[in-house]
Each structure stands twice: as structure tokens, then as C-alpha cells.
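Hi everyone, thanks for making the time.

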Amino acid sequence: MQPVDASKALELASALPARYYFGEDMLAMEQRAVFALSWQLVAHAGQLAEAGDHVVGKVGEVPVILVRGQDGVLRGFPNVCRHRAGPLALCNGKGARALHCKYHGWTYTLEGQLRSAPEMQDAAAFDLQEIRLPPLRVHEWQGLVFVALDEAVPDFDEVYAGIVERIAPIDLSAMRYLRRDSYDIDCNWKVYIDNFLEGYHLPHVHPGLSRVLDYRAYDTELFPWHSLQSSPLRGDSDAYGEGQAYYYFVYPNVMLNIMPGRLQTNRILPLGPGRCRVEFDYYYAQDEQAMARIAADQSFSDEVQVEDIGICEAVQQGLASGFYHAGRLCPKRESGVWHFQNLLRAAYADGAGASA
Ligand code: FES
Ligand SMILES: [Fe+2]
């Protein structure tokens, strides 16, 4: 799939029709055409520092395992045994010597080679050496670890191009993971992302955040696979201090909310057609100023999130009402929504042979 310029000029654009926001068939198509064909954020580097450290997760519908080998190389595999599809691990772990399947105990090296298989002596033409876990594409970037299932997914550097340079002197690689907050929301995963992608709702939904950001200077820029909303910080809040706020969205479901000394990643995961989970992971620079803001940052972020959840759940009901038809977008404030929905239109056309 190629990034698209537009199916329609922004000045003429309408939002995605409501039918894309519900139905099991629609979500199944998105799992194949969107999630399985993109870089998915699965772990952070601190979870995978030493040989044998491993993280389990899912990319689309596929269970995956990330594991650091004895040779120091980080690898990813489907978390699916070659015997009868059992799991190689059920949860994250540290310092494993090997991967033992939880079903019948076949054992693989950390590099994915089958090493032993109990009681298989009567199996003819059965050679351990011929059985390996298939390697997945893995990429470490700024302390975050991503997996792609398919060779058709563009190179990681193409998708994330320019972010590190743009936010300098903020250095994401110097930040350390602190904690995760998860929110389960009664809306389609795209409703949450559409909402993230525009500041148009700021004055109406987020009175507190509007006082911290400069709405008049709030700006949106578009890149092939990501968009950036940015705003100067007014500098008088306990949560953020001075500088610039950068809100990156990287197709299809990763957000990087960056302020001086702080990174918050958001991962949006569908739980069903009308329900999603939003995971906020907090990372902080190891300096006193950043540390002093942690409590205020997290409680303010939670306050804003509660406001977004309320509006997203109401929008989901509106989309499902039967009374909504794709409305016109605001060119000045909703170019990020247009950009995301155009990437989806291209994915849907590839995935279902139908255009949106
Ligand atoms: S499924 Fe893994 S050992 Fe049987
Ligand atoms: Fe919001």
C-alpha cells in the first residue's frame, strides 16, 4: 500500500461514512488490512534488556513474542508452537534460558531453533534441526519496540521519518518508562483516533487544556505516514512547564505525546467493533525538573482523558443512530482527520476491493 495524497481535496472533504464504525466484518477486515499491515508498538526496551527477557503481545489477531537472544539480538516470532499451535509463553518474563511450549513442552532456543521435543523418538523423518520459529520484522526506535508481520509493510524509517530531528533538543532515548494507565472505552477505535487528530474540539471539550495550550497557534502538519499537531505551552501549568507540545499520530494506532522531559505513548487497540482499549505509557527524562512534574502531569492527563472518553462514547452512539451521514470536515482544523481517513480509505480499497 502507498500513502495517498487525497481522494478529495481537503476543502471538499467529508468524514468517513458511519458504516465503517461498527460491525464484526468491518473490524475483521481492518485487522487484516490495517493492523496486520503496519508497524505495531509492542514493548519498550527496558522490558527486553538482557538475554532471555521476553514480552508477549498481539499484532492484529496474531499472538507474538519478542525475546532477546544469547547473542544480544532482539527477535520476534509468532507466539505459536510448530507442534500444535500452543503458546511459547503466557506472560512477560526475564532471563529465560529457552522457550518452553506450555502445551507439550517442546523447547526452542532463544534464537527460535527447536532444541528438544519430548517422547518423539518414534516419529519418522523428524529432524529437530529442520524446525524453527519463523522470524518477524522487529525494530527498536528511541527505546520503543515495534513488530511488523508482513514484508509489504513499508520500512520503519520511512514511517517514522523526521520525528527525532523535529523534536530536538528533546531526546526520547534518554527517557525511562514509569507506568501505564489503561482505559476501556465504548467506541470504535477510529472514533478515539479521529478525536485525537483535531484541536477543533479543544475549546468545547477541554476547558483546562485550552488554558495551557495556545489554540490560535495550534498547528497541524501532514507527512506520508504520520501527522503532527503542535502548540506552544503557556508555561504557567504545574504539569508541563515551558516549551512546545508535540502530538504525533503514526498510522494506524500509535500516538507520541511529547513535551520537554516527557513522552507519553498511546496505543489504541480494538476490543470489538464498538469498544477499544487505550494504553497510556509514561516515560520521563531522568532530571529533577521532569520528575517534579510527574504527579501533576498524570492527574491532568487523566482529567483530559475523561473528557475525551465522554465525547467519544457519545459520538459512537451518534454514528450508530442511523441519522448520521458523512459530514463536512473543517479544513482549518481537521486536516489530521482527513489524512488518517485517507490512509484508511487506501487500506480498505486494498483489503476489501471496495472504496470508502
Ligand atoms: S503445541 Fe507446543 S509442544 Fe505441543
Ligand atoms: Fe480531546
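What you see here is a predicted model. Its mean pLDDT is 94, and 96% of the residues reach 70 or more. Please be careful with residues 1-6, though, where the pLDDT is below 50. That stretch still has 18 contacts in the model beyond near neighbours in sequence. As a rule, where pLDDT is low, the predicted coordinates should not be read in detail.

Now, the sheet. In what order do the seven strands of the open sheet run? Going across, you meet β10, β16, β15, β14, β13, β12 and then β11, and the pairing is antiparallel. The edges are β10, residues 175-185, and β11, residues 219-222, each of which pairs on one side only. From one strand to the next, the twist averages 15°.

Let's zoom in on one pair within that sheet. Strand β13 covers residues 242-250 and β14 covers 254-259, and five antiparallel bridges join the two. If you want a spot to look at, find Phe249, which stands opposite Met255 in β14.

On to the empty space. Rolling a probe the size of a water molecule over the atoms shows where such space is left. The largest pocket holds about 560 Å³.

By class, the lining of the largest pocket has twelve nonpolar, eight polar and seven charged residues.

The second largest pocket has about 400 Å³ of space. It is lined by 20 residues, and the closest to its centre are Ala15, Asp194, Val315, Tyr324 and Glu334. The elements giving two or more residues to this lining are helices: α4 (189-196), α8 (294-319) and α9 (335-352). Which element gives the largest share? That is α8, with five residues. Sorted by class, the lining of the second largest pocket comes out as eleven nonpolar, five polar and four charged residues.

That's the tour, and I'm happy to go back to any part of it on the screen.

Conventions: Residues are numbered from 1 along each chain as its sequence is written. Chains are lettered from A and ligands numbered from 1 in the order in which they are written. This is a predicted model: local features need pLDDT of at least 70, side-chain atom pairs count only at pLDDT 80 or more; totals for chains, interfaces and linings use all residues. Side-chain values use heavy atoms; hydrogens and water are left out. Two strands pair if DSSP finds at least two bridges between them. Helices (H or I, at least four residues) and strands (E, at least two) are DSSP runs, numbered from the N terminus. Axes are lines fitted to C-alpha atoms, for helices over the stretch in contact, and angles run from 0 to 180 degrees between N-to-C directions. On a 1 Å grid over the protein atoms alone, a cavity is a set of points where a 1.4 Å probe fits but cannot get out, and a pocket is an open set with protein on both sides within 12 Å along at least five of seven lines; lining residues have an atom within 4 Å of a point. Grid points are joined across faces, edges and corners, and a volume is the space filled by probe spheres set on the points. Ala, Val, Leu, Ile, Met, Phe, Trp, Tyr, Cys and Pro count as nonpolar, Asp, Glu, Lys and Arg as charged, and the others, Gly among them, as polar. pLDDT is the predictor's confidence in each residue, from 0 to 100. Contact means heavy atoms within 4.5 Å.
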